[in-house]
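Please look through the sequence and the structure shown here before reading on.

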Amino acid sequence: MDERVREHAAVLVDWSARVEAGDDVVVSVAEDAHDLGVAVAEALGERGANVTTLYGSDELSRAYLKGAEARASSDGDDADNATPAFDDDPAVDRALFEAADAYLRIGGGRNTTATADVARATRQAYAKARKGVREARMDTDWVSTVHPTRSLAQQAGMAYEEYREFVYDAVLRDWEALADEMAQMKEILDAGDEVRIVTERDAAPDTDVTMSIAGRTAVNSAASVAYDSHNLPSGEVFTAPYDTEGEAFFDVPMTIDATRVRDVHLVFEGGEVVDFSAETGEDALAGVLDTDPGARRLGELGIGMNRGIDRFTDSILFDEKMGDTVHLAVGRAYDACLPAGESGNDSAVHVDMISDVSARSRLEVDGEVVQRNGTFRWEEGFETDE
């Protein structure tokens, strides 16, 4: 086993999840992520944790959902348009996560588009039915990471060996030092009331969007639950905006519901999306926005600050953390950003969309430019004027 696999496991268990002796930990291991799953199990055993393992297979999920579609077709009057019904919040799944202290998801997989032929209505119905299970899972000290696999390398357009180096460069970092740097952005957002993002483009729509962040708390996402951060790698500062107005253009390609989506344009009025378009994958975008009322409102503003991630890979786990980017997510807001007792935007989905802000762009907080052309005001090379 590559020694970096064990280093990855140690970061996940110790720094990220902060697992202690006696903790009940659920570990989901994807297809082709066996080595990291073994290393994590070993690390958890050394720490005296109790472990329950799950097989996180997209191919198994596809088989289940296609079977449900076949059942719905045979039972319904309109076989071609039948959407299966699912029991709300299966008791076994919900009880598992309600009893767990931590949940570690190790992604990987053999096919990044394994569920591409499952009807979008089926995926939406399944997501809605499992909302309570998802909430119980997110109430644990959960952390999501990936093991470098050939399918992910292919999705990123990289050789497997090249992709493996990319992943470990992103994961095996001095997280304390990055946390200290990102604390500066968190302080600015915590003290701010309004954020404005402006980007000018020659061959695409401009972005000029404002949103309120008054009363919200920004998360210094330093790859540890101690920072209310749940991804490894991480490297972003995010908050939960509201009252969004204006237009935003997202030029970083992404995969939504196993569909490639490119060049998304959203128009906000009264805090919600009132118009949208995409160069490709518009139907997938529409499916997300039509999930429920909260899917048309923002749940997150995120600012990428991990300069160890130096290229787009069509994986939101990495792409949204990349320096010189900002992202907005429609759907669910994270509780960590909300005042005690206050409910943020609620939805069964949380879908991030990313903009490259490395040129002809600025990020303002209460009218003051804090990032211009990807450079923060505390960094060398920051330009105070246009």
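The lining of the largest cavity has 7 nonpolar, 4 polar and no charged residues, where Ala, Val, Leu, Ile, Met, Phe, Trp, Tyr, Cys and Pro count as nonpolar, Asp, Glu, Lys and Arg as charged, and the others, Gly among them, as polar. This is a predicted model, in which local features need pLDDT of at least 70 and side-chain atom pairs count only at pLDDT 80 or more, while totals for chains, interfaces and linings use all residues. Residues are numbered from 1 along each chain as its sequence is written, and side-chain values use heavy atoms, with hydrogens and water left out.

A cavity is here a set of points, on a 1 Å grid over the protein atoms alone, where a 1.4 Å probe fits but cannot get out, and its lining residues have an atom within 4 Å of a point. Grid points are joined across faces, edges and corners, and a volume is the space filled by probe spheres set on the points. By this rule there is 1 cavity of 30 Å³ or more, and the largest cavity has a volume of about 60 Å³. Among the residues that line the largest cavity are Ile-197, Phe-250, His-327 and Met-353. At least two lining residues come from each of strand 5 (194-199), strand 6 (207-212), strand 9 (242-250), strand 14 and strand 15, and strand 14 gives the most, with 3 residues. Strands (E, at least two residues) and helices (H or I, at least four) are DSSP runs, numbered from the N terminus.

Arg-297 lies in the loop between helix 10 (282-289) and strand 13 (298-304). With a relative accessible area of 33%, Arg-297 is partly exposed, given that buried means under 20%, exposed over 50% and partly exposed in between (1.4 Å probe, protein chains only). Leaving aside neighbours within four places in sequence, Arg-297 is in contact (heavy atoms within 4.5 Å) with residues including Glu-272, Val-330 and Asn-345.

Not counting residues up to four places away in sequence, Met-305 touches residues including Leu-178, Met-322, Phe-376 and Trp-378. Met-305 and Met-322 are 17 residues apart in sequence and 6.0 Å apart in space, C-alpha to C-alpha.

Another open sheet has 4 strands in the order 2-1-3-4, with parallel pairing. Its edge strands, strand 2 (50-56) and strand 4 (141-146), each pair on one side only, and its twist averages 15° from one strand to the next. Strand 1 (residues 24-30) and strand 3 (residues 102-107) run parallel and are joined by 5 bridges, with Val-27 standing opposite Leu-104 in strand 3.

Notes
On a 1 Å grid over the protein atoms alone, a cavity is a set of points where a 1.4 Å probe fits but cannot get out, and a pocket is an open set with protein on both sides within 12 Å along at least five of seven lines; lining residues have an atom within 4 Å of a point. Two strands pair if DSSP finds at least two bridges between them. Axes are lines fitted to C-alpha atoms, for helices over the stretch in contact, and angles run from 0 to 180 degrees between N-to-C directions.
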